[in-house]
Amino acid sequence: MKTKLLLLIAAVVLVFTQACTKEDRLMYDQEPSVYFYKQIVNPDSVNYSFVVKPDSVTQDTIWLNLRITGKAGNTDRKINIQLDDSSTATAGKHFMMPQAVIAAGTYSVRTPVIILRSPDEKDSVFTAYFSIGDSPDLQKGYSDKLSYKISVTDQLVKPSDWNGITELFYGSYSKVKHQFMVSRLGTTAVTMSTGAQFSELMSILQKMRVDLLKYEAINGPLIDENGTRVTFPVI
Amino acid sequence: MKTNISLIYTLLLAMILTACVKDKSNDGFLDINTILISDSTAPKSLLQFDTLKINPAIAQLHGSGESDLAFEWSLHQNDVTDPYPIFILDSTRNLRKNIDVRPGIYRVVYKVTVKSTGVTYFHFFPLTVINRFSEGWLTLEEENGGGDLSIILPTDTVFHHIFSSINPEVNISNPVQVDVSNSYGVKKLYLFTKNNGLELDYTEMVKVSDYTSWFWETPVAFQPQLYKRISDGTSFIINNGLFNVRVEGGFPGDVKYMNALPYPDNKGDNYFLAPLVAVGPQPYTGGKSPYTAIIFDTRSKGFVYLSGASLVASFASFGAPAAGSAFDMRNIGMDMVSMDEGNVRFQHNAVFKDAGGEYYLYQFDANSNNASMSKQLITDDAPELKGAAKIVSSKTLQQMYFVNNGNIYLYDIPSGKARVIYTLAGGETVTYLTCTTKSLLVATWNGTAGKVYNHSISPLGDFAATKSFTGFGKIVSMVNKIP
């Protein structure tokens with residue numbers, strides 16, 4: 001009994017002595033890195049079409065969201081965003097991207113990619129594949145968040161139902177006419193198969209007749225890809 | 001053990017002894033005063049805004065005094081589900097209450113409580129509240145910086161402030177027009193203000209929608225000048241001088257107003273229409289001409305028509321006048337003062353003013369391919385017309401009524417002469433004028449209050465009798481609402 005009591009006292013003493021040991025703090029000691037910040041509203045790709053924009057729009061901006069791991073820096077830090085060889089888009093022709101920088105004292109940046117309206121986009125889609133590489137300031141971050149794709153085009157596809165009643169409303173199809181309509185309406189929904197309703201077709205026709213006159217007053221007749229003057233019927 | 005058994009016996013004995021004590025717990029109950037409610041005075045239906053009177057009979061088991069009774073009348077709407085409206089009407093013995101709820105099917109609940117006992121008795125009365133405003137002349141008025149509607153019932157009873165009482169949260173300041181429409185049997189009621197348009201439920205006059213949901217592409221500036229339905233399938237709004245048409249019937253999907261129609265001859269939207277329209281025959285009703293509607297452009301100072309021959313509503317230019325035509329519909333060259341259908345259907349009287357202030361009457365027939373009928377200077381023999389702004393046409397005779405210098409004149413078209421047939425009260429100006437087959441309705445304003453005069457028209461065009469109605473604001477528009 002005496003032995004058991006001694007053992008119990010010894011155990012209690014041991015617990016008390018261990019309880020006050022100083023704990024080492026866990027500190028982040030990885031190299032700072034950067035990655036594309038992706039959420040549902042910040043996806044990893046954008047398909048952009050100038051088709052729904054007026055002719056006066058020659059460029060637009062897509063914003064890339066980037067974040068760092070580690071601590072904020074005391075100085076601005078450059079991010080190495082590379083254009084992959086598989087890209088079909090050409091810098092300076094289809095897009096421009098200024099040097100991306102994480103500013104001192106910050107953890108994230110919204111950096112612009114300026115996409116350009118180029119004549120060759122009227123019949124092609126151009127894609128830029130961006131990826132983050134190491135830089136002297138920042139390493140590559142999470143491996144699944146290092147790439148971003150931007151596709152840009154200015155072309156339209158003939159709606160499958162541009163015949164019958166649609167042709168009665170809008171006249172014969174041409175890509176230039178289609179382009180003109182979409183640019184004025186701000187939507188590709190110009191026929192029933194593309195999302196417009198029957199009553200809306202009548203409204204679109206009125207708007208096109210007025211807008212084409214305004215266009216011609218400034219630019220002269222609008223000639224389509226077949227060399228034919230674009231017109232809308234009076235029915 | 002022996003002790004325990006003794007204890008159990010003792011407890012059993014105590015229970016047996018106490019079980020037979022007489023229960024006196026109901027000695028304080030009161031005798032119930034049973035009440036029987038009966039009635040033969042309650043109506044089964046009532047016009048909205050009428051007074052509901054119910055005088056029920058109450059029979060009591062004990063005595064006949066009613067000082068110990070408390071009453072409550074409530075109205076429960078039965079034809080809606082969510083929310084289920086309950087309106088407390090009164091706490092009187094008999095009911096005498098103005099019923100201002102929306103038309104519908106209700107149940108009146110009469111609750112009688114005996115105060116001394118707290119016992120409550122109910123009696124139920126079915127009640128249908130009928131639309132008070134199904135028929136009558138609706139007047140749209142400026143009032144107290146806002147707007148409102150009144151109605152003159154066929155019984156000559158007038159109800160004011162009906163829009164604001166039904167839609168207290170909706171402002172209709174700067175009112176422009178009230179109109180009704182009937183499209184394939186569906187009736188609608190519209191209000192237009194300087195920068196807004198409202199559709200009201202035809203029966204209940206509750207706001208249903210506003211103009212922002214009416215267009216495929218909402219106009220940048222909404223300044224409605226005229227709304228008109230010209231057929232079951234076609235209605236239009238002249239908005240800021242431009243013509244937005246709505247065509248419905250026989251095709252799927254939503255139907256909305258189109259973008260503004262382009263003017264013929266490659267003018268696009270370079271036009272500004274007068275807020276008046278001459279309606280012609282409609283294409284599917286056996287009409288003779290293609291002129292479903294004829295409108296005047298204030299810029300080119302000529303008429304254009306809405307083609308009834310097209311699948312999609314379109315403006316079209318009149319052709320060159322045939323030999324011997326009275327005038328060229330495309331080129332009037334003067335400012336429009338008024339336009340109204342005359343005494344023959346589709347034949348219209350349009351009055352124009354030249355640069356010198358002289359008035360000309362142009363008559364045309366929207367039911368004839370060769371529309372122009374006659375043209376004459378009318379201020380030479382009837383100088384009283386000079387300066388007149390409100391001119392309407394008789395629907396029975398070749399006559400027009402106009403207002404000038406505080407008088408109402410009758411202008412006889414064949415003779416070209418005008419004469420005073422009525423003198424307005426001092427200080428009154430006419431704010432609205434419309435002519436039916438039976439009467440001339442004149443809305444006036446004296447600076448503080450509005451009146452409506454309903455002048456019935458004699459077979460010769462004079463006023464046979466006059467009724468007047470008071471209590472209006474400044475009336476800007478009227479329409480006859482039919483059931």
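These notebook entries record what I looked up in a two-chain model, chains A and B.

**Entry 1. Conventions.** I noted that the model is predicted, that local features need pLDDT of at least 70, that side-chain atom pairs count only at pLDDT 80 or more, and that totals for chains, interfaces and linings use all residues. Residues are numbered from 1 along each chain as its sequence is written, while chains are lettered from A and ligands numbered from 1 in the order in which they are written.

**Entry 2. Chain A overall.** I found four helices and 11 strands in chain A. Helices (H or I, at least four residues) and strands (E, at least two) are DSSP runs, numbered from the N terminus. Of the 235 residues in chain A, 28% are buried. A residue is buried if 20 or more other C-beta atoms lie within 10 Å of its own, exposed if 12 or fewer, and partly exposed in between, with C-beta atoms placed from the backbone. I also looked at contacts, in which the C-beta atoms of two residues, placed from the backbone, lie within 7 Å. Among the contacts in chain A with a separation of 6 or more, 73% join residues 24 or more positions apart.

**Entry 3. Domains of chain A.** I read the division as domain 1 (33-153) and domain 2 (164-219); such bounds come from an automatic or database domain assignment. The centres of the two domains, taken over C-alpha atoms, are 34 Å apart. Five residues from domain 1 and six residues from domain 2 take part in the contact between them. On the domain 1 side I listed three nonpolar, no polar and two charged residues. In this scheme Ala, Val, Leu, Ile, Met, Phe, Trp, Tyr, Cys and Pro count as nonpolar, Asp, Glu, Lys and Arg as charged, and the others, Gly among them, as polar.

**Entry 4. A sheet in chain A.** I traced an open sheet of five strands in the order 6-8-3-1-10, with mixed pairing. Two strands pair if DSSP finds at least two bridges between them. Strand 6 (95-96) and strand 10 (139-140) of chain A stand at the edges with a single partner strand each, so one side of each has no neighbour in the sheet. Strand 1 (residues 33-36) and strand 3 (residues 59-69) of chain A pair in the antiparallel sense over four bridges. Here Ser33(A) has Thr69(A) in strand 3 as its bridge partner.

**Entry 5. Helix 3 of chain A.** I then looked at Ser183(A), which lies in helix 3 and counts as buried because it has 20 C-beta neighbours inside 10 Å. Its C-alpha atom is separated by 4.8 Å from that of Pro54(A), 129 residues apart along the chain. Not counting residues up to four places away in sequence, Ser183(A) touches Val51(A), Val52(A), Lys53(A), Pro54(A) and Asp55(A). Just after helix 3, Gly186(A) takes a positive phi of about 75 degrees.

**Entry 6. Helix 4 of chain A.** Helix 4 (residues 198-219) has 22 residues and reaches 31 Å from its first C-alpha to its last, close to the expected 32 Å. The expected span is 1.5 Å times one less than the number of residues. Gly220(A) follows helix 4, with a positive phi near 85 degrees.

**Entry 7. Nonpolar cores.** A nonpolar core is a set of buried Ala, Val, Leu, Ile, Met, Phe, Trp, Tyr and Cys residues joined through C-beta atoms within 7 Å. The largest has 118 residues, and those with the most contacts inside it include Leu205(A), Phe243(B) and Ile295(B). Helix 4 of chain A gives the largest share of this core, seven residues. A second, separate core of 23 residues includes Tyr35(A), Ile81(A), Ile132(A) and Tyr148(A).

**Entry 8. The two chains together.** How many residues of chain B are in contact with chain A? I recorded 21 residues of chain B against 16 residues of chain A. The chain B side divides into 11 nonpolar, six polar and four charged residues.

**Entry 9. Chain B, local points.** Strand 17 (residues 224-229) and strand 18 (residues 234-239) of chain B run antiparallel and are joined by five bridges. A hairpin of four residues connects strand 17 to strand 18. Asn144(B) is not a glycine, yet has a positive phi of about 50 degrees. Asn144(B) is exposed, with 10 other C-beta atoms within 10 Å.
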